Amino acid sequence: MPDQARPLVQARDLAKTFDVSAPWLNRVLERRPRQLLHAVDGVSFDIAKGKTLALVGESGCGKSTVARLLVGLYEPTRGGLQFDGQDAHAAFKSSQGRALRRRVQMIFQDPYASLNPRWLVEDIVGEPLREHGLITDPARLRERVGELLQSVGLSPLDMAKYPHQFSGGQRQRISIARALATEPEFLVCDEPTSALDVSVQAQVLNIMKDLQRQQGLTYLFISHNLAVVRHVSDEVGVMYLGRLVELADKHTLFANPQHPYTRMLLDAIPKMHDTGKARTPVQGEVPNPLNPPSGCAFNPRCPLANDRCRTERPQLLDLRGVKVACHAVEEGRV
Amino acid sequence: MKQTLLAWLDSDIGHSFKSSPMAMAAAFIALVCVISAVFAPWVAPHNPLDLTTLELADGRLPPAWQAEGKLKYLLGTDDQGRDILSALMYGARISLAVGLVSVLLSMALGVGLGLLAGFRGGWVDGLLMRVCDVMLSFPPILVALLIAGVGRALFPDAHETVAFGVLIVSITLTGWVQYARTVRGSTLVERGKEYVQAARVTGVAPHRIMLRHVLPNVLGPVLVLATIHVATAILTEATLSFLGVGVPPTSPSLGTLIRVGNDYLFSGEWWITIFPGLMLILIALSVNLLGDWLRDALNPRLR
Amino acid sequence: MSLLQVKNLVVEFPHRRGTLRALDDISFDIAPGEILGVVGESGAGKSLTGASIIGLLEPPGRIASGQILLEGERIDHLPHEKMRHIRGRKIGAIFQDPLTSLNPLYTVGRQLVETIRAHLPVDAAEARRQAIALLEDTGIPAAAERIDHYPHQFSGGMRQRVVIALALAAQPQLIVADEPTTALDVSIQAQIIQLLKRLCRERGAAVMLITHDMGVIAETCDRVAVMYAGRIAEIGPVHEVINRSAHPYTQGLMAAIPDITEDRERLHQIDGAMPRLNAIPPGCAYNPRCPRAFDRCTAQRPDLMNAGATRAACWLHDA
């Protein structure tokens, strides 16, 4: 890896814990214990400039929480985030927060809830520009909004409409246009196409890839759909119950998955062209995140679990060029 | 104006309005009452507040269609010779004014507090909700009486405006809770939505998010509440005036008229109290029905 | 003889601005024990088709014309009472959200027993026995205990298994499953699909599997119908429709799906969007987006016609 090129985004041991205890009165009267949800429990990764890191996992794995940690919607309970060399969360809290927010933006999953239904598209897309004082002249602002809409394949005339006049795919494009208004460097995309139909998804993914190429954008792409991840990512991180279990470049991960959970996930995906071939059925379900298993979180479902797995939590180690958190892989049992 | 009216009539809500005879009738009646009240000085045949125009000899006349009635006084006169019809219009004017102002203030207070509670959460929310619970456990009239009584005790030689002020404050303070609760609930829902998160990611200040993003989206149910609240406010004012702790006697509202007429009910001069009563019912009913229709029209599930 | 026959079904929604045709002349059959997939994007009408068959079309939607025949008897305009008997006994239903498919106030056992006893002449003890057996069959551990648990005590995947058990409780011949795995995690999805397939094969129940996920269809179904704008664009054996599709829409759809096995620079995209119900173009509904449209496509609407191994509603295959 070239030494001058410092990764744009560096996450180190990021963790976020939520207090989901019952209200104080209930706890006292019913003698209920405090309940903590370790949504993210020590996640570390780098994202190089211009690249896409995809985070995959099932419900409760914490990928959405990671997304929100990266844009400053949450503060980490532990760990640090560096953006272009500076401490991101310190910046978010300080006066430099505004400058940072110009460089980091987010695209959300639900096209229906991510646009204010009472605002005109012009105001929605123009808001970041107005907020940051980037363009003050109204005519110039309108022109810029038109340019942004065109860059995502919509017409400038669309700015005079309301969100409900658009389809899901078009709304997602408006979200992208809004995210690009401040010319950010880093985009966090939280399942941007999960709520869209296949043909619409194709359009949106193509636009995102085109924009990445044209503007040198860096993406963190969250998804549960491994096929989509294969298409968009350069590197893939697999998460399970708040932890990263495997982190590898795309080709390596899909060709040669190491972690038993990754293998299980890949096996579980319905294959379109292998019709009729049964998949290896998957064991069990994701455990309750409030009560994770001790040791390796995956051990109850893992065919290779031994005593060490049940007691000792595996660290994310660099094994044969791939980062894996698994005792079995470390011990060569896989 | 005409364009927007035509456009509105063609919309979903307009269509719902056109297909509901009750809504149209209610709107018509309410409109008639409001116009006659607002334009009372020009529309009313007489001015009941001007003592110089009164003729004592014309006192206690029954409505025009009865034997001793005079066409000049369509609904009869009271003991002082004041025309009941005109008194109705002037009285409705007062009632409506007090009702509307109270509702607007209630709305402002309730929506503001509800937004704050929903947005900030934590102890602010907890505190506010407990205050609401406490307020709701008192019957509204009792609260209004209490405040009116305190007001009178504080300002014994009440100037007319002060009396009005106390009245409006008391009605306002009984009505704000419903707005606060509704808006708080809606705010909690909207706060979790992604467009609010998007605004936060962009770096918009919390108070701006609250006012510019969330507020427009929580006002819908408030409109319905306010419409129905107008009726309640008018009735509350009438009750307070009937009890003698409402509007000052120099500006009789419908409640005052009912009270005054009550004394004459058993001596046979029923019209002095019945007609103000009917007017009150008419206003309250029509506004209430309008509110009902509006709630159903705005409810996406029932459509 | 076909178990289910849908003939020229038309479903309309009267609206004050006119009538919207949500399903426009749909015809297909399901043989006993067959698994038919109905795939399409949102707005294509696949859920409506399922709802019409079960008799759960929400007013003001109504079946304007056409017939639905179950075992040769018409069920499309049956009075409520008769439809109620058929629902459950002959047709079972599985919906997308396991959370709302079960009544949270009653135990799972009570709901199962209620369904069984509503349709089968058994006493309470026997019904309970059958319910426990069903739960075991759907892979719920400790079924004899869990039968007395409430829905909220089950996880999402377990709940969907209970829903499947409920659908199969009265031993129906046809199951209509509307997006049964969409709300579940990928690993659970795999389990549920396997389960559904196995149980239906074992009990000889036919399945109408409605989904937007082509992968699920590929793994589960024998035949598949591709819907577009309220019409069937193509219908045929699953291998053929996926690998040798005849209709340009199906081809576009297949090409747009990202493939987990290979890298592609761009995904094939179909420009434009599915037309809204009140703006369906004349002739073939797909013609504005079709790369191979010609004049006949805008003039005349194609019916399903033989196109190699499948049947497609496309003039390109008019012999």
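Predicted model: local features only at pLDDT ≥ 70, side-chain atom pairs only at ≥ 80, totals over all residues.
1. Chain B, make-up. Chain B is built from 12 helices and has zero strands. Along the sequence its pattern reads α-α-α-α-α-α-α-α-α-α-α-α.

2. Chain B, dimensions and packing. Along the principal axes, the C-alpha atoms of chain B fill a box of roughly 75 × 50 × 30 Å. The chain has 303 residues, of which 44% count as buried. Among contacts in chain B with a separation of 6 or more, 69% come from residues 24 or more positions apart.

3. Helix H4 of chain C, length. H4(C) runs over residues 108-119. Its 12 residues, at 1.5 Å each, should span 16 Å, and the end C-alpha atoms are 17 Å apart, so the two values agree.

4. The buried residues in H4(C) are Val108(C), Gly109(C), Gln111(C), Leu112(C), Val113(C), Thr115(C) and Ile116(C). Their cover includes three helices of chain C: H2 (80-89), H5 (124-137) and H7 (156-168).

5. Contact between chains C and A. On the chain C side 35 residues are in contact with 32 residues of chain A. Elements of chain C giving two or more residues to this side are helices H8 (186-203), H9 (214-220), H10 (238-243) and H11 (248-256). H8(C) gives the most, with six residues.

6. Composition of that side. Where chain C touches chain A, its residues divide by class into 16 nonpolar, 13 polar and six charged.

Conventions:
Residues numbered from 1 in each chain as written. Chains lettered and ligands numbered in written order. Helix = DSSP H or I, 4+ residues; strand = E, 2+ residues; numbered from the N terminus. Expected span 1.5 Å × (residues − 1). Buried ≥ 20, exposed ≤ 12 C-beta atoms within 10 Å, placed from the backbone. Contact = placed C-beta atoms within 7 Å. Nonpolar A, V, L, I, M, F, W, Y, C, P; charged D, E, K, R; others polar.
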